[in-house]
Each structure stands twice: as C-alpha cells, then as structure tokens.
Amino acid sequence: MKKTFARWAGMLLLALTLAPASASAAGYTQTKYPIVLVHGMLGWNSIGPYEYWFGIPGALRRDGAQVYVAQVSAANSTEVRGEQLLTYVKQVMAATGAKKVNLIGHSHGAPTARYVASVAPTLVASVTSVGGANKGVPTADIMRAAAAPGSYSETLLVSIVDGIAKTIAFLSGDRNAQMSAAALDSMTTLGAAKFNAAHPQGVPLTACGEGDYQVNGVYYFSWSGARSVTNLIDPVDGPLKLASLAFRGEKNDGLVGSCSSRLGRVIRDDYGMNHFDEINQVAGLVNLFETNPLTVYRQHANRLREMGL
C-alpha cells in the first residue's frame, strides 16, 4: 500500500513539475503580427527541402509564430528588392488578415526590410537586422574598386555573379530580375550611405552606437556575430576567414562589420557566430560553445511577443 501511494505521489509530483514548463512553452514565440524572413544577397527561400533560414521557420512556428519566408531577387539593388518585399508583405497581410508584419532581414535583407518600413511604416510593426549590411561592407568596396563601371573586369564579374544568381533563382523558383552590378553598388560603403540618407530610420548617428528604437511606429532591433571561424568542419569558415582580412582588425562576422550591423536597439553585436551561423548555416554546423542561433530567434520572437508585436 505504501509503495503504491509513493508511486502515485511521485507521478503527481512529476506532473506538477512538468506542467508549468509546458504552459510557458506554449505560445512562447506567438507574436501578434506574422514574422517575415528576408534573405540576403545570393539568397533564396528554399531550394527543394533546403532552407536558407535552416531550421529557423520551424523553430519559430513550433510554439505559435506565424512565419513567412520572402523571396526577392538574389542580386539586385536594395530599392528593387525592397519593392519586391513590399508586394510580398501586402500578400501576407491579405492572406492572414494581419494589420502589420515583423520583418527580420539577414545581411542585404536588413536594408531591404528597412526600405519597406521607410516607405510603408503603417504595414510594419518591427524591423530586425541580423548581420545586416547597414553601412556597407569592405569586400564590396574592394570588388567595386577592382571592377570599375564599364570596365572589362566589371563585365566579367557581373557575368559570373549574374550566372550564380540566375542559377539560384531557377532552383528556388524565383522569377525576379537579377542585376548583380546594382546589388554590388548597394553593398558598398558609398551605396549604403546614399541609401541611409534617404531611409535613415534606426541607423546610428555615430560610427558604432545605437539608433532610434522606434520611428514612425516601427521598432528597430539588431544582432550579429563577431567571429569568422566557429566550426572546423564547416566548409564556409575558411573563405569567411579570408574575407575577414578586409576589415583590418575591425570586429566582424566574416562579411559584415559589427558596427555596420548595428540598427536601433542592439541586442548583441558579438555573438560567437559568423555570417552564416546567423542563419544556422551550413546545415546547422555552428559554434557549439555559443548560444544556438535557433534559440536566439526564439528569444527574439518572445521579445516581440512581450512587447505586443
């Protein structure tokens, strides 16, 4: 009799222990407005079953988030990509009945999302920049210097990158135009400065500060990594280490400087992640000694939820 009572008491205690955890997990990522993920340059939504945002949509949806993955040009100017995203946002709103969306953009996807928030702020609840090229990248400056407009070098570079972009577009079902020269110009320091002059919302006024947290009703956030090599068996770590030399010691994630990534409220700019870890690539081969990227996205969705967004 005592053994039976002890067994039932133990089961009851276990149930009471687990119940709060289940309750707290339910709805943890359930934001008020849908989340729209915006890929970077040479990005895609999915190629077959392989996601640009590797495992991230599922991790967010698991506890309540409505998540949509935008497909804009793999290579084009920020403004052109922004107009494409604006069209997609309106489609999401029509399909869901939502009055706004939360935009999360990686790399070139960050200024792309910022464009929509600038020209149509009533449609956007928040913009989050993840490793965003908000003030340009030095590798783009180097490439543009080596491939001046109208030069043979530019023709060669454009043909190669356009070929890659068109291949990605074909495999992912993207019907948007691809213009790598326009994409390159947008990613240079000068191109980013021109864009920021027209769309300054959330951009820090100092070299490495924070920007306005809220502009025209839109909340701005950012986070990024600050390491180029994070996993020795990840095939992209080597190229990122080489690309990071362009920063001459400035803190960076291999492709984007930490200061350039800053927008609005800076959550962190020094995660032990590189530019591809920020989207859980390649195939989840990320830093085992840093917070998992899926956790960071889930935490941010919960942050938006707690803010009523």
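Let's start with Ile160, which is partly exposed at a relative accessible area of 47%. Keep in mind that this is a predicted model. From there the briefing moves to a buried asparagine, Asn274, then to an enclosed strand, β6, and finally to Thr188, which also counts as buried.

- Ile160 sits in helix α6, which covers residues 152-172.
- Ile160 counts as partly exposed because its 47% falls between the 20% and 50% cut-offs.
- Together with Tyr152, Leu156 and Ile164, Ile160 makes a nonpolar surface patch of about 430 Å².

**Asn274, a buried loop residue**

- You'll find Asn274 in the loop that links β9 (265-271) and α11 (293-306).
- Its relative accessible area is 0%, so Asn274 is buried under the 20% cut-off.
- Who does Asn274 touch, once residues up to four places away in sequence are set aside? The answer is Arg227, Ser228, Thr230, Asp237, Leu240 and Asp253.
- One of those contacts, Thr230, is 44 residues from Asn274 along the chain, and the two C-alpha atoms are separated by 6.9 Å.
- The Asn274 side chain has a polar contact of 3.0 Å with the side chain of Asp237.
- The Asn274 side chain also reaches a backbone atom, the oxygen of Ser228, at 3.0 Å.

- Strand β6 takes in residues 124-130, and seven of the seven are buried, so β6 is largely enclosed by the rest of the structure.
- Side chains in a regular strand alternate between the two faces of the sheet.
- Strand β5 (residues 101-106) runs parallel to β6, and six bridges join the two.
- If you want a specific pair to look up, Val101 has Val124 in β6 as its bridge partner.

**Thr188, between two helices**

- Thr188 falls in the loop between α7 (180-187) and α8 (189-198).
- Is Thr188 buried or exposed? Its relative accessibility is 7%, so Thr188 counts as buried.
- The side chain of Thr188 reaches the backbone nitrogen of Gly191 at 3.0 Å.
- Leaving out neighbours within four places in sequence, Thr188 is in contact with Gly136, Ala140, Asp141 and Arg144.

Key:
Residues are numbered from 1 along each chain as its sequence is written. This is a predicted model: local features need pLDDT of at least 70, side-chain atom pairs count only at pLDDT 80 or more; totals for chains, interfaces and linings use all residues. Side-chain values use heavy atoms; hydrogens and water are left out. Patches are made of residues with over 30% relative accessible area and no salt bridge: like charges are joined within 9 Å, nonpolar side chains (Val, Leu, Ile, Met, Phe, Trp, Tyr) within 5 Å. Accessible areas come from the Shrake-Rupley method with a 1.4 Å probe; for residues, only the protein chains shown count as cover. A salt bridge is a side-chain nitrogen of Lys or Arg within 4 Å of a carboxyl oxygen of Asp or Glu. Helices (H or I, at least four residues) and strands (E, at least two) are DSSP runs, numbered from the N terminus. Buried means under 20% relative accessible area, exposed over 50%, partly exposed in between (1.4 Å probe, protein chains only). Contact means heavy atoms within 4.5 Å. A polar contact is a pair of N or O atoms within 3.5 Å; within protein, one must be able to donate a hydrogen and the other to accept it, and residues adjacent in sequence count only if both atoms are side-chain atoms. Two strands pair if DSSP finds at least two bridges between them.
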